[in-house]
Amino acid sequence: MSKKGFVKTNAMRLLEQAGLAYTPHSYEGTASLSAEEVARVLGVDPARVFKTLVTLGKSGEHYVFVLPAIGELDLKKAAQACGEKSVAMLKQKDLLPTTGYVHGGCSPLGMKKDFPTVIDASAEDQPTILVSAGKIGFQMEVEPRALAAAFAFRFADLTQAKM
């Protein structure tokens, strides 16, 4: 990435404070780009680009799930991973007030509050994954196990089985 397009986000600063190496990536885009489209624009395998989804559990607790661009969150698996009876996707209008992030720029790092976060187990098979850097058009590439260890994230099977 050129210095001209370089923006350091709070999520990147958190990685640096934790001593984690990362590679920043940027692209021209809007919130309407899907994670799969971001992978195509960056020329990266969609299995390595992970999206961040925020849910609300039946208990009222919020949970964050990080899964591959090509995956779809299985709400039953997600609830089980958190010990909840059920979880539902957070309404888009509630995303900014809850996390401090807008749709299309939601990072698993640097939210207003630290929520329990689970990364799909498929990330463990990847040397690096790309997650949102907390701003539309910016991603950060990081080792998934190092990310999980540094921020107390867990791994679990979260995606729906492909038919």
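On the face of helix 4 turned away from its buried side sit the exposed residues Lys93 and Pro97 (exposed is over 50% relative accessible area, buried under 20%, partly exposed in between, with a 1.4 Å probe and protein chains only; helices are DSSP runs of H or I, at least four residues, and strands are runs of E, at least two, numbered from the N terminus). This is a predicted model, in which local features need pLDDT of at least 70 and side-chain atom pairs pLDDT 80 or more, while totals for chains, interfaces and linings use all residues. Residues are numbered from 1 along each chain as its sequence is written, and side-chain values use heavy atoms, with hydrogens and water left out.

Helix 4 spans residues 92-99, and its buried residues are Leu95, Thr98 and Thr99. They share one side of helix 4 because they cover an arc of only 90° around the axis (taken from the directions from the helix axis to the C-beta atoms). The buried residues of helix 4 pack against strand 2 and strand 3, contact being heavy atoms within 4.5 Å. Just past the helix, Gly100 takes a positive phi of about 90°.

Next comes Asp120, in strand 5 (residues 117-120). Asp120 is buried yet has no salt bridge, and the nearest side chain of opposite charge, Lys77, is 7.1 Å away (Lys and Arg count as positive, Asp and Glu as negative; His and the chain ends are not counted). A polar atom of the Asp120 side chain does lie 2.8 Å from the backbone nitrogen of Leu158, and the side chain also reaches the backbone nitrogen of Thr159 at 3.4 Å.

The salt bridges come to 4, each a side-chain nitrogen of Lys or Arg within 4 Å of a carboxyl oxygen of Asp or Glu. One of them joins Arg48 and Glu141, with the closest N and O atoms 2.6 Å apart. Arg48 lies in the loop between helix 2 (35-42) and strand 2, and Glu141 in strand 7, 93 residues apart. Arg48 counts as buried at 18% relative accessibility, and Glu141 is buried at 17%.

Technical notes: A polar contact is a pair of N or O atoms within 3.5 Å; within protein, one must be able to donate a hydrogen and the other to accept it, and residues adjacent in sequence count only if both atoms are side-chain atoms.
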